[in-house]
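Dear colleague,

Please find below the structure I promised to hand over, followed by some notes on what turned up in it.

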Amino acid sequence: MRITDLLSPESICLNGRADSKKDALDQIVDLMARSGRVQDVEKYRRGVYAREEESTTGIGEGIAIPHCKSDAVVRPGLAAMTLPDGVDFDSLDGEPATLFFLIAAPDTEDNVHLDVLSKLSVLLMDEEFTGRLRRAQNVEEFLQIIDETESGREEEEGTASRQETRKGKRLVAVTGCPTGIAHTYMAAEALEKKAKELGYDIKVETRGSGGAKNVLTAEDIAGADGIIVAADTKVPMDRFAGRRVVVTKVANGINRPGELMEEALSGAAPVYEAGVSGGSAEQEEGGKGGIGHQIYTHLMNGVSHMLPFVIGGGILTALAFLIDTLAGYGTSGGANFGSCTPLSAFFKYIGGLSMNMMVPVLAGYIAYSIADRPGLAVGFAGGLLAANGNAVLIGTVFGDHLDKLRGINKFIADFAFVGEHSGNTVSGFLGGIVAGFLAGFIVLGLKKICEKLPDALDGIKPTLIYPLAGIFAVGVLMCFIFNPLIGLINTGLSNMLSGIAAAGMITVLGLILGAMMAIDMGGPINKAAYVFGSGMLATAAQMMTEGAQASDPAVQACFISMAAIMIGGMVPPIGIAAACWLFPKKFTKAERGSAVSNIVMGCSFITEGAIPFAAADPAHVIPCTMVGAGVAGFLSALFGCTLMAPHGGIFVFATVGNPFMYVVAWLIGSAVTAVMLGFIKKDAVTD
């Protein structure tokens with residue numbers, strides 16, 4: 001921390017005058033109060049007096065450094081004052097004090113006032129420095145003298161000295177990505193590797209799909225010289241309040257670990273203030289990245305929490321279909337396919353319940369990302385309405401009396417709860433996304449409206465006002481506007497998929513989806529393709545619930561799309577691993593050493609294994625992976641390969657339709673990537 005970070009212009013007085021030691025202390029305490037760093041000025045003033053009674057802070061040579069550590073201090077700060085005529089301050093050498101620095105430190109364990117006191121003491125031993133401060137004509141010149149002297153002393157230490165001090169530097173970091181599968185741990189590994197190379201100590205908290213691991217303690221944070229948060233998902237940030245924190249994307253943790261560390265240790269990072277952005281890393285970074293990035297991070301927060309339900313429930317449902325197929329009901333099961341035997345019905349029941357949670361969880365955690373915890377209930381409610389549509393009351397409470405309804409009741413029955421000839425109002429996956437954003441911004445609006453309410457009502461805002469008003473508002477909007485509108489879109493999508501399949505265009509869709517998976521290896525384009533595939537599985541489930549059979553063209557188009565997406569994501573790591581063995585001169589020794597791990601990740605449908613190669617040589621690697629993955633997606637669709645599970649790689653191949661040709665498509669796509677790398681990529685410069 002630099003001295004000028006703690007010294008505000010309004011807390012500096014030059015060429016002042018004081019009649020006594022008490023007058024000097026009162027004046028400089030008032031200067032400190034102007035900076036806004038003290039919440040109880042009189043309590044702080046008493047603390048300064050008490051410290052002065054213990055022993056004088058007049059250190060001699062005309063310098064005094066009064067200081068106080070108190071819970072009256074909001075955040076650490078400095079005040080400065082020059083008195084050309086001096087004042088008797090009981091200094092150790094008996095001389096009048098003419099240059100004052102007052103230190104205010106919070107009552108915390110980090111003892112920041114001692115660090116600043118030590119740095120000030122060293123600088124104030126330089127008579128030329130103190131003379132220049134006393135002669136400063138204005139506040140700007142005063143600050144400039146301090147900044148130049150402090151910077152000059154750091155430069156004089158030299159590169160060798162800085163390298164030596166690195167051994168004592170301690171860093172803490174947090175990494176997290178939307179899915180919590182690969183980027184989270186790759187960023188942690190990159191940071192740990194770079195820290196070891198530079199001689200720093202580092203502890204990295206990973207917030208993956210299995211929860212937070214290696215969690216930072218209060219002691220870890222208090223003892224850190226630098227803090228890095230490399231995350232594209234929600235991270236608890238209030239624990240870093242008052243500390244300088246580098247907040248960035250998880251990709252930068254993978255690609256720029258050294259730069260992040262230097263920034264964290266430079267003292268140039270902004271101070272994190274609790275509550276400013278809702279306490280989440282992605283909102284801090286999202287504010288810098290514009291509206292598009294904010295929308296992406298909110299959406300990915302919902303997707304990351306939704307994925308376990310999709311994956312677990314989807315695989316169980318796929319196993320139900322597999323069991324019925326093995327039992328001989330593949331062509332004769334009809335609308336009951338997946339529950340023709342007790343065992344398959346059991347799997348489908350559990351899987352179906354989990355899949356039914358997909359849309360509410362998606363909406364709930366989009367809202368949570370936007371509005372924090374108060375958004376959850378409103379988002380969940382909106383997601384349930386999207387998943388179930390508006391027809392819930394037909395045939396129950398007033399289903400037999402629709403013709404007798406009048407006024408508002410008739411309007412609701414005809415419009416919101418679906419009349420006899422009304423269309424589809426199940427908005428599903430798309431509706432869940434809309435509901436999540438609606439819920440989040442509705443709660444933000446309610447928070448704004450409730451700011452003027454008495455403090456006594458703070459306790460009922462999150463438990464009564466936000467959920468009651470929020471659920472009602474999102475319910476009206478979903479039932480009367482978005483469910484009917486998106487229901488029409490979903491019907492059109494179903495018809496479009498049937499038309500694509502009938503026209504033989506499903507192969508083009510497979511090519512596009514496969515290529516999208518290999519462009520940015522887990523980035524926004526990759527995630528867009530995967531989210532589309534998850535939506536297709538949800539669409540297929542909805543159509544089958546409404547009576548469609550698994551063999552219907554539209555349902556098959558959904559499963560073919562998911563198959564193309566997974567195979568497209570499995571090609572890049574396998575293709576790169578094959579290229580490492582076939583064309584070793586194209587890769588460094590370290591890159592060749594990662595070939596086996598790429599095989600494992602490729603087989604597990606973890607595209608991110610290709611990221612280090614793409615980051616090192618994007619101009620040559622990305623076109624090769626994109627073409628190979630596109631070829632694989634095209635062939636998978638051409639061969640009519642289907643996939644009813646949303647994840648799992650080779651571990652769900654038993655649920656793949658036409659599995660032999662699926663493997664053929666996978667191997668051909670990987671071979672295309674490997675051969676292209678052999679021809680296009682340049683030889684490695686070093687080995």
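A patch is made of residues with over 30% relative accessible area and no salt bridge, with like charges joined within 9 Å. Please keep in mind that this is a predicted model. On its surface, Glu61, Asp93, Glu95 and Glu127 gather in a patch of negative charge. Asp93 belongs to the loop between strand S5 (77-87) and strand S6 (97-106), and because its relative accessible area is 36%, it is partly exposed.

Within helix H2 (residues 21-34), Lys22 and Asp26 are 4 residues apart, so about one helical turn separates them, and their closest N and O atoms are 3.0 Å apart. Arg45 and Asp30 meet in a salt bridge of 2.9 Å, N to O, and this pair links distant parts of the chain, with Arg45 in helix H3 (residues 41-54) and Asp30 in helix H2. Arg45 is buried, with a relative accessible area of 10%, whereas Asp30 is partly exposed at 35%.

Finally, strand S10 (residues 226-231) runs parallel to S11, joined to it by 4 bridges, and Ile228 stands opposite Val246 in S11. From strand S11 (residues 245-248), Val245 and Val247 point one way while Val246 and Thr248 point the other, and all are buried.

Methods. Residues are numbered from 1 along each chain as its sequence is written. This is a predicted model: local features need pLDDT of at least 70, side-chain atom pairs count only at pLDDT 80 or more; totals for chains, interfaces and linings use all residues. Side-chain values use heavy atoms; hydrogens and water are left out. Patches are made of residues with over 30% relative accessible area and no salt bridge: like charges are joined within 9 Å, nonpolar side chains (Val, Leu, Ile, Met, Phe, Trp, Tyr) within 5 Å. Accessible areas come from the Shrake-Rupley method with a 1.4 Å probe; for residues, only the protein chains shown count as cover. A salt bridge is a side-chain nitrogen of Lys or Arg within 4 Å of a carboxyl oxygen of Asp or Glu. Lys and Arg count as positive and Asp and Glu as negative; His and the chain ends are not counted. The place of a charge is taken as NZ of Lys, CZ of Arg, CG of Asp or CD of Glu. Helices (H or I, at least four residues) and strands (E, at least two) are DSSP runs, numbered from the N terminus. Buried means under 20% relative accessible area, exposed over 50%, partly exposed in between (1.4 Å probe, protein chains only). Two strands pair if DSSP finds at least two bridges between them.
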